[in-house]
Amino acid sequence: MASLSTWCRYIRHKLEYSFSLSWKSYKRGLISDRELYDTVWKNVFQGKLTYLHWNKGEAMAPTIGEQASTLLVRKIPIADPTRVFLGDVIVLKDPDNSENYLVRRLAATEGYEMVSNDEKDEPFVLEKDQCWVLADNDKLKPKEAKDSRLFGPVSMTDIVGRVIYSLRTAVDHGPVLNSHYSMRKDSSLLEIELDVNDMMKNHKA
């Protein structure tokens, strides 16, 4: 059973998430000033901070298995360098098809200078709200890895979550290695929302 301090951290994260989600809806004109406060509290008491995502492919091996894996993902309604960090394994919209999602590692954010191994390519600096994502499997060529080496920088707004737990089989599962700050930040979510049995029920072999 989670401790009182863990529950306090978890509730703080729920408030932060609820406000971010409600503010996003407000900025898009989906809710009015009067509805903003009610929406924040509605989001606090409804739903979870995580969801399950099914992933298959060798791009993120060995971090995530080459075979089918069920991932526990922390929802991130507004992605920026204060909410996702270098080294995090993230879920983002596929630049080639926004209805699909990719799992990749965040390698660089705005302000970073990108230098290619190919001398023909000019160095460039990532602009505001841009990021660079890479596959973990360094055995793959860029086209096989399908990461920023192929499609270039992506918008931070395409990031929808951070992978915090991976289940490959009933006996092969565990937390995903993210940045130190994110792992500390996500620890209360794992204690309260992680349900391995539920992940197994939803697992696709």
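View 1. Cysteine 8 comes out as partly exposed because its relative accessibility is 46%, and the partly exposed class runs between buried (under 20% relative accessible area) and exposed (over 50%), using a 1.4 Å probe and protein chains only. Cysteine 131, by comparison, is buried, at a relative accessible area of 0%. As for disulfides, the count is zero, the test being a pair of cysteine sulfur atoms within 2.5 Å. This is a predicted model, with local features needing pLDDT of at least 70 and side-chain atom pairs needing 80 or more, while totals for chains, interfaces and linings use all residues. Residue numbers start from 1 along each chain as its sequence is written, and side-chain values use heavy atoms, with hydrogens and water left out.

View 2. Contact here means heavy atoms within 4.5 Å, and twelve residues of domain 1 touch 13 of domain 2. About 1,300 Å² is buried between the domains, with carbon and sulfur atoms giving 63%; that is accessible area (1.4 Å probe) lost on putting the two parts together, summed over both.

**View 3. Tyr10, His13 and Tyr17 of domain 1 face domain 2.** Within domain 1, this trio loses the most area to domain 2, together 44% of what that side buries.

**View 4. Glutamate 16 pairs with lysine 185 in a salt bridge.** Their closest N and O atoms are 3.9 Å apart, and the rule asks for a Lys or Arg side-chain nitrogen within 4 Å of an Asp or Glu carboxyl oxygen. One salt bridge is found across the domain interface.
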